Amino acid sequence: MDRITITQSFMRKLTNNEFQVLVHNVFDLLGEAAIEEPHIIELIQNAEKHLEVLVDLGKKPRAHKNTKLIKELILERREQLLAIKDATDGFVRTKSEATSGAAAVLSDWLLKDRSQLGSRGINIQSGIAQRLIDETGRNPKIAESLETLNLTESFEELMSLTNQITKLLQARINERNEAKRKRDRRRQKCCFDLDMLFKAMQAQANMEGAFNRQDYYNLCMDIKSFLDAANAIRESRSTRSSNEKAPSEVEPETGGNETPENKSSDGQQFSND
């Protein structure tokens, strides 16, 4: 009888759903097996305690509690940005030198991102808002121009909304990271206990003269088949991901006056995650 080796280190690289399915397959198999050795039974019971928490691993995370409020604040900030832009445009051609001068200062201030002031994309909008806030802090003329055109209140609201959005985003990131760390710790504990169980069963299957050696050998072969199948899925997924990221080996030919097409994300979609 050939010696058998069970390798499960790759399990840490499985998706949550793949991990959950694999572990349940293993325990369904063990649940039907006639195992009599007390130390093996104890190890199975120890590992089985992870089944309840594995259900949470396979679930798709719900939208974070801050997501809806962040969306609402982004729309409000968009309105403030457009209000400042529209008011500035309206004052550019006034006869008052002070008013038109202030409008000219604000037009220059908005110019860089003028075409994207109405963006609903969180990254684009946050970048624009932060730039405007930073430049206002460095250039007193901008603050003076905002006051001249009675736009100080709108700008202060823009700053307040930006501050709220930043805090809510950071809280969401922190809580998600902590939830991920918690899930990872659960998986690590489960993998550790499964490793102890597999090694004990592997010893029974490989030891000459061990009680029920053939039964354990068959069980280990079945478990190994589950592990191999799960690992094959992981490797296939990893290969597809690598192929999608790999640049083309053949450079496209271009004529003398042709230029490569520039592609970029418009950043308009906001994630519900």
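## L158 in helix α8

L158 sits in helix α8, where helices are DSSP runs of H or I with at least four residues, strands are runs of E with at least two, and both are numbered from the N terminus. With a relative accessible area of 0%, L158 is buried (buried is under 20%, exposed over 50%, partly exposed in between, with a 1.4 Å probe and protein chains only). Leaving aside residues up to four places away in sequence, L158 touches R77, L81, I84 and A129; contact here means heavy atoms within 4.5 Å. Take R77: 81 residues separate L158 from R77 in sequence, yet their C-alpha atoms are 5.9 Å apart in space.

A word on the source: this is a predicted model, with local features needing pLDDT of at least 70 and side-chain atom pairs counting only at pLDDT 80 or more, while totals for chains, interfaces and linings use all residues. Residues are numbered from 1 along each chain as its sequence is written, and side-chain values use heavy atoms, with hydrogens and water left out.

## α4 against α8

Now for the helix pair behind some of those contacts. Helix α4 (residues 67–91) and helix α8 (residues 152–206) have axes that come within 9 Å and cross at roughly 155 degrees. Axes are lines fitted to C-alpha atoms, for helices over the stretch in contact, and angles run from 0 to 180 degrees between N-to-C directions. That makes α4 and α8 roughly antiparallel (over 145 degrees; under 35 is roughly parallel, 65 to 115 roughly perpendicular and the rest oblique). The crossing of α4 past α8 is left-handed, which is to say the near helix is turned anticlockwise from the far one by less than a right angle; clockwise would be right-handed.

On the α4 side, the contact includes T67, L69, I70, L73 and R77. Their partners in α8 include S154, F155, L158, L161 and R176. Sorted by type, the residues of this contact come out as 12 nonpolar, five polar and five charged. For the sorting, Ala, Val, Leu, Ile, Met, Phe, Trp, Tyr, Cys and Pro count as nonpolar, Asp, Glu, Lys and Arg as charged, and the others, Gly among them, as polar.

## α4 against α6

α4 also meets helix α6 (residues 122–138), with axes that come within 11 Å and cross at roughly 50 degrees. The two helices are therefore oblique to each other, and α4 passes α6 in a left-handed crossing. I70, I74, R77, R78 and L81 are the α4 residues here, facing I122, Q125, S126, I128, A129 and L132 in α6. This contact divides into seven nonpolar, two polar and two charged residues.

## Two asparagines

N150 is in the loop between α7 (140–148) and α8. Its phi is near 60 degrees, a positive value in a residue other than glycine. N150 is exposed, at a relative accessible area of 68%.

N16 lies in helix α1 (residues 16–31) and is partly exposed, at 25% relative accessible area. N16 and L54 are 38 residues apart along the chain, with 8.4 Å between their C-alpha atoms.

## The whole protein

Zooming out, the protein has nine helices and zero strands. Of its 273 residues, 36% are buried. Among contacts with a separation of 6 or more, 80% join residues 24 or more positions apart. The protein exposes about 17,400 Å², with carbon and sulfur atoms supplying 49% of it (areas by the Shrake-Rupley method with a 1.4 Å probe; for residues, only the protein chains shown count as cover).
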